[in-house]
Amino acid sequence: MEETITKESKWKNEEEEEAKIQIYKYVFGFAEAAVIKCAIELKIANVIESHGRPTMTLSQLSTALNCSPPHLFRIMRFLTHRGIFREETTPENLIAYSQTPLSHMLINVAPLLLLENSPEIVASWHNLSAKLKNSYNNNENSDLVVPFEVAHGKDIWSYGARNPGFNRMFNEGLGCNARVITLPAILENCGDIFNGVESLVDVGGGNGTTLSVLVKAFPWMKGINFDLPNVVSTSEKYDGVEHVGGNMLDFVPKADAAFFMLKSLDQLVIEIVYITASGLLDADTLKSVK
Ligand SMILES: C[S@@+](CC[C@H](N)C(=O)[O-])C[C@H]1O[C@@H](n2cnc3c(N)ncnc32)[C@H](O)[C@@H]1O
């Protein structure tokens with residue numbers, strides 16, 4: 001009996017000691033995203049990639065980035081422990097770094113990482129509890145609470161219309177997500193849904209990245225990128241893609257088929273691909289993607 005109590009209290013002590021270590025992960029949980037953002041802003045991966053040799057010494061990297069070696073070393077130590085860059089020692093006994101698949105990916109997904117870790121989007125997450133409060137018993141009003149709106153006092157589209165910097169970062173971030181992650185999966189798994197479609201309107205198509213990729217993959221297809229006027233007016237031009245500005249609740253340009261790709265903050269990823277045979281969109285469809 002006494003032995004059991006001693007064992008239990010030993011486990012309890014071990015768990016408590018472990019908890020003291022684990023809790024620090026949460027106290028400084030923000031640091032991981034902050035250091036990765038720092039690496040992107042300094043363009044560390046781009047500089048190592050374009051160096052022309054597989055490794056770059058700490059001293060070369062410090063000079064190229066105009067950063068103090070001891071400060072940069074600490075950032076690199078944090079990153080290399082997570083598999084972002086590899087640390088090596090040169091035959092001359094110097095510290096050097098090379099790319100890993102993860103650090104290489106930083107280059108491709110930089111716009112998405114910068115968007116999701118921007119002060120505006122992080123502020124939404126800081127208001128997550130507002131969404132949950134009073135949501136017991138399926139309280140309908142709690143569905144109306146949008147963390148972004150609690151943080152910024154307006155919906156994300158109105159905020160984007162008034163803040164050109166955020167508008168550009170948002171559209172580039174989602175364009176990057178479409179190009180690097182979503183579209184390769186769509187093309188690999190269900191590209192045949194576009195067979196026979198000669199004109200496609202992407203409703204809420206952002207800066208047109210999605211259509212620019214689709215018209216390249218299906219060169220017979222003409223793309224109409226439909227989004228809010230402030231979004232399409234600042235979008236890059238692409239061959240085979242016409243930008244049209246407007247409100248989808250007022251009208252949707254005519255085409256053989258319509259394509260919706262939407263994501264929501266509170267359900268990690270939602271993608272809806274909706275193809276109409278006639279090009280006509282009924283009110284229920286529009287309500288469901290509103
Ligand atoms: C979540 S984003 C999706 C962007 C893109 N389809 C993607 O998946 O990367 C939703 C898009 O819908 C656009 N949008 C929001 N309300 C709209 C409206 N009433 N009419 C047209 N576009 C709208 C936004 O500007 C934004 O580009």
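Two strands count as paired here if DSSP finds at least two bridges between them, and I begin with that because the sheet I want to show first rests on it. What we are looking at is a predicted model, and in it four strands form an open sheet in the order E6-E5-E4-E7, with parallel pairing. The edge strands of this sheet are E6 and E7, each of which pairs on one side only, and from one strand to the next the twist averages 25°. If we go into one of these pairs, E5 and E6 are joined in the parallel sense over five bridges, and within that pair Ile224 stands opposite Glu242 in E6.

On this sheet packs helix H13, which touches E4, E5, E6 and E7 and whose direction makes about 170° with that of E5.

Leaving aside residues up to four places away in sequence, Met169 touches Leu114, Leu115, Ser118 and Glu120.

Let me move to the earlier part of the chain, and to a pair of helices. Two packed helices are described by the angle between their axes and the distance between the axes. For helix H4, residues 58–65, and helix H5, residues 69–81, the angle is about 110° and the axes are 10 Å apart, and the two helices are therefore roughly perpendicular to each other. The contact is made by Leu58, Leu61, Ser62 and Leu65 on the H4 side and by Pro69, Leu72, Phe73 and Met76 on the H5 side; by class, that gives seven nonpolar residues, one polar residue and no charged ones.

Now for the backbone. Most residues other than glycine have a negative phi, and most peptide bonds are trans. Asn66, in the loop between H4 and H5, has a positive phi of about 60° although it is not a glycine, and Phe85, in the loop between H5 and strand E2, likewise has a positive phi, of about 80°. Are these two residues buried or exposed? Asn66 is exposed, with a relative accessible area of 72%, whereas Phe85, at 1% relative accessibility, counts as buried.

Strand E2, at residues 86–89, is joined to E3 by four bridges, and the two run antiparallel. Their hairpin has five residues between the strands, and in it Asn93 takes a positive phi near 70°. Strand E3, residues 95–98, also runs antiparallel to strand E1, residues 56–57, to which two bridges join it. Ala96 in E3 has Glu88 opposite it, and Thr57 also stands opposite Ala96.

I would like to end on confidence. The protein chain averages a pLDDT of 88, and 88% of the residues score at least 70. Over residues 265–272, however, pLDDT stays under 50, and for this stretch the model has 15 contacts beyond four places in sequence. Where pLDDT is low, the predicted coordinates should not be read in detail.

Notes: Residues are numbered from 1 along each chain as its sequence is written. This is a predicted model: local features need pLDDT of at least 70, side-chain atom pairs count only at pLDDT 80 or more; totals for chains, interfaces and linings use all residues. Side-chain values use heavy atoms; hydrogens and water are left out. Axes are lines fitted to C-alpha atoms, for helices over the stretch in contact, and angles run from 0 to 180 degrees between N-to-C directions. Angles under 35 degrees count as roughly parallel, over 145 as roughly antiparallel, 65 to 115 as roughly perpendicular and the rest as oblique. Contact means heavy atoms within 4.5 Å. Ala, Val, Leu, Ile, Met, Phe, Trp, Tyr, Cys and Pro count as nonpolar, Asp, Glu, Lys and Arg as charged, and the others, Gly among them, as polar. Buried means under 20% relative accessible area, exposed over 50%, partly exposed in between (1.4 Å probe, protein chains only). pLDDT is the predictor's confidence in each residue, from 0 to 100.
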